[in-house]
Amino acid sequence: MAKPSTKVWDLEKHTEAKHAILKRYLQAWFPILSSFNDRILYIDGFAGPGEYSKGEPGSPIIALDTAIAAAGDNKLKPKAEILFLFIEENKSRCEHLESLLAGRTLPHNIKYSVECGKFNETLTSALDQIDKQKQSLAPTFAFIDPFGISDTPFAIIERIMKFKRCEVMITFMSGFINRFKEHPKDIDHIDALLGTKNWRHELLEDKEKKGEEEIVEFYQERLKSVAKYVRSFEMKNGLNQTIYRLIFGTNSILGLRKMKESMWKVDGQGTFTFSDRTDPFQTVLFELKPDYNDLKKLLINQFRGRTVTIEEINAFIVTETAYLDSKIKTEILKPMEYANPPEIRIEGKRRKGTFPDGTIITFI
Ligand SMILES: C[S@@+](CC[C@H](N)C(=O)[O-])C[C@H]1O[C@@H](n2cnc3c(N)ncnc32)[C@H](O)[C@@H]1O
């Protein structure tokens, strides 16, 4: 972890994993969003210096280079502009970031600006300006990656999410909150972070029973008031200790699917485990191979005795479970159709073992 005085610090393994998720997601997000918007915005609210002690890139550089690479591969609509807003409070980190950015050659449609200031203040005044001019915020991905919990009030998240096609990914320090929730000086910060004082009776009253999990649950519920889909991914180290949660909020089912794909693909080394808290009773570890038996059980629980389309099944998997819908046809539905006796029945004509769009399936 960085000392307040150091300009750059060592890259830790969990940060590397977080960066890999961010990069994979942006590799999908830039091309998709730029294909049907003339302008999109990436905000890095706690940008850091842009590199780590051994020269490894920080999140602003990763994001910018991902967009530059996508432009080079003709994956961006040439007319679409991609804007980057990097906010960093610490002056020397801010200057360091500016010097790194200045060394890059940008395509004509990629632009950035670095604001040396506080996240909340900077973004609040930018959004005030947008409101004053009765304009709208361009579709935005906001990466909010603080060290602690101050200066990330819920009010600013709410303002971002009010605009169409905006999404947020937040490093949520639930352990930190749990440790400090009774310290008078932190209570105000927690009020702001959660955007309400209600947590005080809900989470402080029955102290024995209410811990980190309940704090995450509480925050997820708050985020659900402004984002249709909310996912919290627990980042753990090799000793199975939680480091923090990455909490993602979006109104796009495609965005949710792409984020889940990024998470599933990242931990190829097995150094980290990410678990997905889809609901309080369902925690799934991201492992090299998904547990299709578990997913099959979830599908049977949900659809037993019902007739549904393949699209409904896919939407259920993406929004209500920790899994991806990419292999369910071959890994689950096909074996269920071929089972003796069959576990599903298909209406209408098609080749056995295939499930084209619109296929109607009855779970026996
Ligand atoms: C966790 S680091 C960011 C790391 C960076 N996102 C990355 O992944 O490479 C948090 C950064 O936020 C900066 N910071 C702290 N408080 C801030 C605030 N209120 N507004 C903006 N930046 C802040 C710190 O100086 C630090 O560089």
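Before the first pair of helices, a word on terms: axes are lines fitted to C-alpha atoms, for helices over the stretch in contact, and angles run from 0 to 180 degrees between N-to-C directions. Helices (H or I, at least four residues) and strands (E, at least two) are DSSP runs, numbered from the N terminus. What we have here is a predicted model, in which local features need pLDDT of at least 70 and side-chain atom pairs count only at pLDDT 80 or more, while totals for chains, interfaces and linings use all residues. Residues are numbered from 1 along each chain as its sequence is written, and side-chain values use heavy atoms, with hydrogens and water left out.

Let me start with α11 and α13, whose axes come within 11 Å and cross at roughly 60°. That angle makes α11 oblique to α13, given that angles under 35 degrees count as roughly parallel, over 145 as roughly antiparallel, 65 to 115 as roughly perpendicular and the rest as oblique. The crossing of α11 past α13 is right-handed, a term used if the near helix is turned clockwise from the far one by less than a right angle, with anticlockwise giving left-handed. On the α11 side, Tyr292, Leu295, Lys296, Leu299 and Ile300 meet Ile328, Glu331, Ile332 and Met336 of α13, where contact means heavy atoms within 4.5 Å. By class, this contact has 7 nonpolar, no polar and 2 charged residues, counting Ala, Val, Leu, Ile, Met, Phe, Trp, Tyr, Cys and Pro as nonpolar, Asp, Glu, Lys and Arg as charged, and the others, Gly among them, as polar.

Helix α11 (residues 292-303) also meets helix α12 (residues 310-320), and their axes come within 11 Å and cross at roughly 120°. These two helices are therefore oblique to each other as well, and their crossing is right-handed. The contact is made by Leu295, Leu298, Leu299, Gln302 and Phe303 of α11 and by Glu312, Ile313, Phe316 and Ile317 of α12, which by class gives 7 nonpolar, 1 polar and 1 charged residues.

Which strands does helix α13 lie across? Helix α13 (residues 328-338) lies across β11 and β12, running at about 95° to β11. These strands belong to an open sheet of 3 strands with the order β10-β12-β11 and antiparallel pairing, where two strands pair if DSSP finds at least two bridges between them. Because β10 (307-309) and β11 (344-347) stand at the edges, each with a single partner strand, one side of each is left without a neighbour in the sheet. Neighbouring strands of this sheet are turned by 30° against each other on average, direction ignored. Between β11 and β12 (residues 360-363) there are 4 bridges, the two strands running antiparallel, and Arg345 stands opposite Thr362 in β12.

Turning to the other helix pair, the axes of α1 and helix α2 (residues 59-72) come within 9 Å and cross at roughly 30°, and the two are therefore roughly parallel to each other. Their crossing is right-handed, and the residues in contact include Leu22, Leu26 and Phe30 of α1 and Ile62, Ala63 and Ala67 of α2. The residues of this contact divide into 6 nonpolar, 4 polar and 1 charged.

Finally, the aromatic rings: those of Phe, Tyr and Trp (its six-membered ring) pair if their centres lie within 6.5 Å, and planes under 30 degrees apart count as stacked, over 60 as edge-to-face and the rest as tilted. By this rule the count comes to 19 aromatic pairs. The rings of Tyr25 and Phe248 have their centres 5.5 Å apart and their planes at 70°, so this pair is edge-to-face. The pair links distant parts of the chain, with Tyr25 in helix α1 (residues 13-35) and Phe248 in strand β7 (residues 242-250), 223 residues apart.
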